[in-house]
Amino acid sequence: EDPVRALRAARQAAAFGFHVEAGTLVLMRACADELRREPPERLMGELHRALETERPSVFFRVLEKADLLSVTFPEIAALEGQTQPTDFHPEGDAFVHTMALTDAVAAETKDIRTRFAALVHDLGKGLTPQEMLPHHYGHERTGLDALAAWNARMTLPRDWRRAAAFVIRQHMRA
């Protein structure tokens, strides 16, 4: 009856460390069309709560397994399969790297703004043309475009947006 329950299942998996059964993933998948029509504020509420969990990556991975990540958070879904030079990123995939970093930052701070900035630090890699891979030249510029698109689709909290834009612009300097 409420498609946001699919996001709640993913969030609760992150919060309580449980596995989502295959049958539940099928039910979640059936909510895709309805989730496209949900008010963005409801999706943002679940994102906020997911970022409060000990392992936020579980939320995104469950949504991916249910084929809902591209429906709810397409900017994060675009990172899947975006290869990276293994000299700098041994995991080799921008999505896997982003999930690992988000969890590592979550282990260090409870600040949601900082956790969100970690989540989106490589957002521009989702816009890298396949022929350029595994390199992502200029992803700090395209990351700002991806952040702006996300904000246009569902208004992000101003402090999240400002922190994220700073980290996107500056993270290569580190």
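This is a predicted model: local features need pLDDT of at least 70, side-chain atom pairs count only at pLDDT 80 or more; totals for chains, interfaces and linings use all residues.
**Exercise 1.** At what angle do helix α9 and helix α11 pack, and how are they oriented to each other?

Solution. Start with the two elements: α9 spans residues 112-120 and α11 spans residues 158-170. Their axes lie 8 Å apart, at an angle of about 45 degrees. Angles under 35 degrees count as roughly parallel, and 65 to 115 as roughly perpendicular.

**Exercise 2.** Which residues of α9 and α11 meet, and how do they divide by class?

Solution. From α9, the residues are Ile112, Arg113, Phe116, Ala117 and Val120. From α11, they are Asp159, Trp160, Ala163, Ala164, Val167 and Ile168. By class, this contact has 9 nonpolar, no polar and 2 charged residues.

**Exercise 3.** How is helix α4 oriented to α9, and which residues meet?

Solution. Helix α4 covers residues 40-51, and its axis is 9 Å from that of α9. The angle is about 100 degrees, which makes α4 roughly perpendicular to α9. Leu47, His48 and Leu51 in α4 meet Ile112, Arg115, Phe116 and Leu119 in α9. The residues of this contact divide into 5 nonpolar, 1 polar and 1 charged.

**Exercise 4.** How is helix α5 oriented to helix α8, and which residues make the contact?

Solution. The helices are α5, residues 57-65, and α8, residues 94-108. They pack at about 150 degrees with axes 9 Å apart. Angles over 145 degrees count as roughly antiparallel, so α5 is roughly antiparallel to α8. Ser57, Phe60 and Arg61 of α5 contact Phe95, Val96, Met99 and Asp103 of α8. The classes are 4 nonpolar, 1 polar and 2 charged residues.

Notes:
Residues are numbered from 1 along each chain as its sequence is written. Side-chain values use heavy atoms; hydrogens and water are left out. Axes are lines fitted to C-alpha atoms, for helices over the stretch in contact, and angles run from 0 to 180 degrees between N-to-C directions. Helices (H or I, at least four residues) and strands (E, at least two) are DSSP runs, numbered from the N terminus. Contact means heavy atoms within 4.5 Å. Ala, Val, Leu, Ile, Met, Phe, Trp, Tyr, Cys and Pro count as nonpolar, Asp, Glu, Lys and Arg as charged, and the others, Gly among them, as polar.
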